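Have a look at it first, then read on.

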Amino acid sequence: LALARWYDDETAVKGMPYSAKKDFRQGRKAAMKAIERSWKRKTLLRNERGVEVFGLELDGLVVGDLPQLPPEVDFAHVHRLSLRNMALDDQVGSFLTSFKGLRMLDMRNNKVTQLPSALSQMPELRRLYLNNNHLQLTEATQANLARLTQLRVLNLSHNPLLNAPQINRMFDLRALFLNSCSLRELPAGFR
C-alpha cells in the first residue's frame, strides 16, 4: 500500500514536462517492482566474493525521493543495497531504516550532504560507498561514522568532507578512499 501511494503521488510530478513525467513514472514503477521482489526474497545479487545474497539494486532510476516504508516492513534479510546514480538527497535516510542487515551499501554519485543516521542501526555493515556526493563531516557525523567499527571498506572520495573521518577504532578497515575531499589533515588512526 505504501509503495502504491508513493507511485501515485501526483505532487512529485507537478510541473514536470510530459516526457519527464513519463521517465519519472517508469522509474518509480521499476523501483516499486524491484522493492517488492526484494521484500519477497526473490532478488539475489553477488557479493564481493561472488556469493549470491539477498539484495536490492535501484541504480540509475529517476524516482525523486524513495518511499517511506512502514515500520513493520522489514528488509533485514537484504545484505546488499545499491542506490547509485539516483540524485538522492538526505531524505534517503528514512528509506534506509528498513535495511538493518546490510553488509554492503553503495550510494555513490548522489546528492547526500549528511551521513544517514540509519547507518548506526546496521551492525553487519562492512562496505560503505558514499563517494561522489556532497557529504561534509561535522563533529557529530564524524562521531557517528567512527562508531561503524566493523567497516572493511570505506569510500568517501570526491566529497567536500573538510574534516577527516576518525578511523582509529576501525580495526578491520582494509581500504579507505579519500581522494579529492578537501582534507586539512590525515584521519586519526591512519598508519
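Which residue in E4 does Arg80 stand opposite? Met104 is the one facing Arg80 there.

A word on the ground rules before going further. This is a predicted model, so local features need pLDDT of at least 70 and side-chain atom pairs count only at pLDDT 80 or more, while totals for chains, interfaces and linings use all residues. Residues are numbered from 1 along each chain as its sequence is written, and side-chain values use heavy atoms, with hydrogens and water left out.

**The sheet**

Seven strands make an open sheet in the order E1-E2-E3-E4-E5-E6-E7, with mixed pairing. E1 and E7 (175-177) sit at the edges with a single partner strand each, so one side of each has no neighbour in the sheet. Ignoring direction, neighbouring strands are turned by 20° against each other on average; the axes behind that angle are lines fitted to C-alpha atoms, and angles run from 0 to 180 degrees between N-to-C directions. Strands here are DSSP runs of E, at least two residues, and helices are runs of H or I, at least four, numbered from the N terminus. Two strands count as paired if DSSP finds at least two bridges between them.

| Pair | Sense | Bridges | Partners |
|---|---|---|---|
| E1 (44-46) and E2 (52-57) | antiparallel | three | Arg46 and Glu52 |
| E2 and E3 (80-82) | parallel | three | Gly55 and Arg80 |

**The hairpin turn**

E1 and E2 form a hairpin with five residues between them, and Gly50 in the turn has a positive phi of about 85°. Asn47 also lies in the loop between E1 and E2. Is Asn47 buried or exposed? At 14% relative accessibility it counts as buried, the cut-offs being under 20% for buried, over 50% for exposed and partly exposed in between (1.4 Å probe, protein chains only). Its side chain reaches the backbone nitrogen of Arg49 at 2.9 Å. Leaving out residues up to four places away in sequence, Asn47 touches Val53 and Arg80, where contact means heavy atoms within 4.5 Å.

**Helix H4**

In H4 (residues 139-146), the buried residues are Thr141, Gln142, Leu145 and Ala146. They cover an arc of only 140° around the axis, which puts them on the same side of H4; the arc is taken from the directions from the helix axis to the C-beta atoms. Their cover includes strands E5 (127-129) and E6 (153-155).

Note on methods:
Polar contact = N/O pair within 3.5 Å; in protein donor to acceptor, adjacent residues only side chain to side chain.
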